[in-house]
Amino acid sequence: MNFTDIFIKRPVLSMVVSLLLVLVGIISLTKLSLRQFPLILTSVVTVNTSYPGASGELMESFVTTPMENALAGVDGLDYIESQSSFGSSAITLHFKLGYDISKAVVDVGDQVNSIRYQLPTDIKDPVIAKNDPNANPILYIAFKSKSRSPEAIYDFLKRRIQTQFQTIDGVGKAEIMGSSQFAMRVWLDPERMSAHGVTASDIATQLQNNNIRSSAGIIENTNIRYQVRAPLDLHDAKQFANLAVKTQDNHIIRIRDIGHVKLGAKSHDASVNFNGETAVVIAISPKSDGNPLSIAKLSKKKLSDIQKSLPGDLKAEVLWDSTIFIQASINEVISTIVEACIFVLLVIFIFLGSVRTLLIPGVTIFLSLIGVMSIMYWLDFSLNTMTLLSFVLAIGLVVDDAIVVSENVHRHMAEGLTPFKSAIIGAREIQFAIIAMTITLAAVYAPIGFMTGLTGSLFKEFAFTLAAAVIISGLIALTLSPMMCSKLLTAEDEKKALPKLAHKFSDKLAKGYKWLLQIVMKLRLIMIIGLLGIISAAIYLFMLIPNELSPTEDQGVIMAIIQGPPASNLGFIEKNTLQLAKIYEQIPEITKYGIINQTNSGISFVMLKPWDKRKRGANQIISELFQKVFPISGVNIFPLNPPNLPGTGGGNQPIQIVMQSTGSYEELANKANQVKLAAAQIPGVVNVNVDLKYDTPIVELDVDRDMAADMGITMQDIGNNLSSALSENETGRFSLRGESYDVIPQLAMNKKNKPDDIYQLYVRNQTNKLVALPTFAKINNKVIPADLPHFQKLRSATISANTAGGLTLGEAINAITKKIEEIKSADIDVSYAGTSRTFFEAKGAMEQTMIFALLFIYLILAAQFESFVDPLIIMFTVPLAATGALLLIWLSGSTMNIYTQIGLITLIGLITKNGILLIEFANQLQEKGYDRHQAIIDAAGIRLRPILMTTFAIILGAIPLALASGAGAESRMQMGMTIIGGMSFGTLMTLFVIPVIYSYIGSKKTKQPEIDY
């Protein structure tokens, strides 16, 4: 008994198999998590080493380089970069995507320990830490008050609120931004200090000695035990101000005599402007495997509870919620799935004219999508934009097999057979084609599923989900669909007006097509020449279309990078960003904004109205902002779209081209600056930066060591006084309301605002006399680089930039690289980091995947057809579809990116299905006695309707993608256009080109006699 006969004759068995599929699928659906992208675990390890007082050059030679040499051989390492600066070394190791981060940390630790003896003996132990570049904040919550200072808000949040967010499941960090915690600030006046014979070092010593916490012990006798408590610490500003520093002429000199004390902020290096008001922000970041959607939902629920208990003067509001875009994007894809289902069913109805017939593909769609849930759960996948996108494409694919079965059964019923007999014969005839098409289409995704890097991580779930849905649809087409045809289709139904009209239309279409095909078959040589022209056009278009990693998406938010001069402080940045705030208030699409100011830099977030509430997209608003922020002369402000792909690295600047050199930093910086100037002239390249900059002003104290020694002054004395007067080193802690805070002595802000103020300091010598600093030292003003960067162990300068005005990432990288080649010297090499590196890796990997996909399909078809020639004919459909896809991509102004490339790979499987239907049936006709020429013509006529039905089903299923709007529409549009262009042009050409090639080289088949073994 034939395989399909079993399920036609046993309908209950067929239904039970499908119902079990539904049951398991529903259970799995309830257990699948919902997120924006598949979980992509990036493996980044940092090694930070502190060596106080060491110059950047010393850190490079004695710390960074030895450790880089040891770490370069760690398994799984992709690339290594470092920064050597004053007193610190920061090495960042980027491991291959998906590499076990725990193993990476252990290996890094072992290598660091192995060379610890080579490092300076007084250096602090290196700190090794895991770093997740993707664990960026997803939720910013602003807290503001008209009566509380920013540091008071900060203190309240730290004591009462921060922990509540940190304990939410999946939250990795809840960071408070915009101020700092309290500290007891001891502001010193150098003139009053010198008048009373007091140095900064004296004050630091007295603060350390007279603000202590100690356990005094116990007193105990035979009956009672007493705890002895001695309050030796200080608690408030008044106590610190009354602290005695020294006694002079029987008069006690207190801190209030040489300065003033105030409870204030520990640091003044950050502030937040939220809709024109000062605020403090809590930024909530997920763990590496946390679900952003659930974290944001729980955090906002927690915020709602917190708001009920906040003091009346403190208000809280969400500044930015990145999951709004994620949820909106997912909702848009779900809507697209529904629209695709409607379009596909409409196509089937138009071609077959029967409402009953719609049930068969409709059930197939439902069973395939719900059935694949169990496989997704088994493979630990999630419901995300990638897997939901696979559902959209699956609708057009899974229905193909049911269409082919239904159409073949219809054809036999039209010849007068009963529904049962038609189902038996029709299923037998088509089962080989169903198996071949199912395996072929599923196989095309196998290379994608086994890809590594970002593309593999992003599209693995997409590929395997789509392949699984296709396999399930093939199983349904061989089990449930024939049975449903035998039960639902009736001869009376075929006699109704609509089915008759549909059949009449199909017959006329088939006759017209066969007539045209016979003419074409007489012009076969011209068709072959035309095929060569089409292949040439595909190659040309592939080279012509610009490349990028992914399309820029309107995420409903605009970021702005703010860069001030290297020596600028927070006050300077705040003054300039006030102008930016006024500009934001003029843009009608902006609902709220937040500006986070920092020392010499800043970042802002602008929330836009929902996608359906505004006429302009984010890119149009960014163009307007560019024009309006350009006149702000104090700082450079660059509005841009946030990164839209995880795991790309590189922060907010996708262009990162690294110049590596074995020469000096001075020469490298000179060349890098020349490249920066040249790159800034390229249209569409904006926000050009170089990380190697000789622009950090320093005040270097040139000490006459001999003179200092003669005066009884040691270098330690000088260092202690400078540190106590100018740095923000804490000299102890004090308690307040159950929390402990730093005590920080320092010159008053208005007493250290220019380099010459250092000359006001005095140093106590060994004879207890004060010596003015200018007596033995002078000041030199210099400009040095803040950091000395390395890339892959070589000295480096990284050119980073953004794109604008429609310039793609690939075009920008090529243009800047060309400038570098023109400018660089022989000892400079070029490499790539961050998103640029990912772009080249993804581009190369995708091209390899396309080749492997073609080989996979060819070999699988060869095994199924038992021929190496027939699959070769089928493979000619691929350049036909590719040409149509590339033409529409080019005409629409789209780019070659990971979405269009995945669309091209999908086309390989889709378009070969048409070739399989033609060649497989032509071979059947040859076995019945037809000659090769007539077999392919008749096969093409008979198979025209299922080919057109499946093609229109796929095209209409992709139309909602091509017409997508709202969140995440840009990526879906480009994949949809790839499918539509490829299937429309590819199918049209396939219907004529494949018969011509088959007539030349198609396998000759004869009826094989049955052999009794």
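# Strands and helices in a predicted model

Strand E16 pairs with strand E19 (residues 636-640) in the antiparallel sense, over five bridges. The model is predicted, so local features need pLDDT of at least 70 and side-chain atom pairs count only at pLDDT 80 or more, while totals for chains, interfaces and linings use all residues. Residues are numbered from 1 along each chain as its sequence is written, and side-chain values use heavy atoms, with hydrogens and water left out.

- Met 607 in E18 is the bridge partner of Val 557.
- Six of the seven residues of E16 (residues 557-563) are buried, where buried means under 20% relative accessible area (1.4 Å probe, protein chains only).

**The four-stranded sheet**

- Strands pair through backbone hydrogen bonds, either parallel or antiparallel.
- An open sheet of four strands runs in the order E12-E7-E24-E23, with mixed pairing.
- Strands E12 (259-265) and E23 (733-736) stand at the edges with a single partner strand each, so one side of each has no neighbour in the sheet.
- From one strand to the next, the twist averages 30°.
- Strand E7 (residues 182-188) pairs with strand E24 (residues 739-747) in the parallel sense over six bridges.
- Leu 188 has Leu 747 in E24 as its bridge partner.

**Helix H14**

- Helix H14 (residues 419-444) has 26 residues and should span 38 Å at 1.5 Å a residue, which agrees with the 35 Å between its end C-alpha atoms; the expected span is 1.5 Å times one less than the number of residues.
- A kink of about 45° in H14 is centred on Ile 430, the bend being the angle between axes fitted to the seven residues ending at a residue and the seven starting there.
- H14 is mostly covered, with 19 of its 26 residues buried.

**Helices H28 and H31**

- The axes of helix H28 (residues 877-891) and helix H31 (residues 969-1001) come within 7 Å and cross at roughly 140°.
- That angle makes H28 oblique to H31 (under 35 degrees counts as roughly parallel, over 145 as roughly antiparallel, 65 to 115 as roughly perpendicular and the rest as oblique).

Note on methods. Buried means under 20% relative accessible area, exposed over 50%, partly exposed in between (1.4 Å probe, protein chains only). Helices (H or I, at least four residues) and strands (E, at least two) are DSSP runs, numbered from the N terminus. Two strands pair if DSSP finds at least two bridges between them. Axes are lines fitted to C-alpha atoms, for helices over the stretch in contact, and angles run from 0 to 180 degrees between N-to-C directions.
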